[in-house]
Amino acid sequence: MTIQWFPGHMAKARREVTEQLKLVDIVFELIDARLPLSSRNPMIDEVLGQKPRLLILNKMDLADDRETAKWIRYFESKEIHAVAINSFEGKGLTAVTKAAKEILAPKIERMKRRGIRPGAIRAMIVGIPNVGKSTLINRLAKKNIAKTGNKPGVTKAQQWIKFGKELELLDTPGILWPKFEDQSVGYKLALTGAIKDTIVNMENLAVYGLRFLEQHYPERLTERYHISTVGEDIAAVFDKVGENRKVYAAGGEIDYEKVAELIVQDIRNELLGKLTFDFVSELEEQADAMMD
């Protein structure tokens, strides 16, 4: 299954981000804490250039805490400022403004030496669809300013939003990139809801999710579905899940389509526990292999 999704408004959003960069002091790059690598748009580095940036790992409540800590350390080792937050519950938000001030401290100090009184920090928020940009904005503003929705592509235009005297934020639509070089990235994004379900084969996606669990979180697979291995006979696995969860179609047969949807929703809704789909260890192994 090849997964691609690059609606027209995303191409327009990329152009607008480039045009608006000169108006902001810093960029908040919002990523999914479950996908610290796969949810980073590779075009963003090219678009942002040397603009100061804060990497925000959102949805930390859904991610494996141990892996999130490893990713924060990894980004810091690459001299990328990173914080982890849960925008839905408003946890960790003070770290965002604090980190922005630290990143911009040299610029603010230069302004003070020149007798210029620094105003509110002007930031642009960027990220792929459904990573939680609008939820973060609403939490910072303490009211519903930005439209939210648990589906990709809700924000379609840019908007400036003020947060007291310290921060002004420019919201932007989520931007995906035209082609996933590694199709596992597409699967991970689809599994966490960054890509519309209507363009995804749910059965293939469920199989990917089961194989991922088998490799990285086998105990969760056993606890939830009473399965120790996935193997090659996927129909047998779906039968077992369907029987266990009583997912039957008319006539008493297992409804494979509904079983697939159930597995995907279980993964998304934390019914298999906190999951991280990208691992620092795998990234380091790839780097070592390239050096050999």
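Helix axes here are lines fitted to C-alpha atoms over the stretch in contact, with angles running from 0 to 180 degrees between N-to-C directions. Helices (H or I, at least four residues) and strands (E, at least two) are DSSP runs, numbered from the N terminus. The model is a predicted one, where local features need pLDDT of at least 70 and side-chain atom pairs count only at pLDDT 80 or more, while totals for chains, interfaces and linings use all residues. Residues are numbered from 1 along each chain as its sequence is written, and side-chain values use heavy atoms, leaving out hydrogens and water.

Helix H7 (residues 202-216) packs against helix H10 (residues 256-268) at about 50°, the axes being 8 Å apart. That makes H7 oblique to H10 (under 35 degrees is roughly parallel, over 145 roughly antiparallel, 65 to 115 roughly perpendicular, and the rest oblique).

Turning to charges, a search of the whole structure turns up 17 salt bridges, each a side-chain nitrogen of Lys or Arg within 4 Å of a carboxyl oxygen of Asp or Glu. Glutamate 29 sits in strand S1 (residues 26-32) and arginine 53 in strand S2 (residues 53-58), so the pair ties together parts 24 residues apart in sequence. Glutamate 29 is buried at 2% relative accessibility, and arginine 53 is buried at 16% (buried means under 20% relative accessible area, exposed over 50%, partly exposed in between, with a 1.4 Å probe and protein chains only). Glu29 and Arg53 also belong to a salt-bridge network with Arg40 and Asp45.
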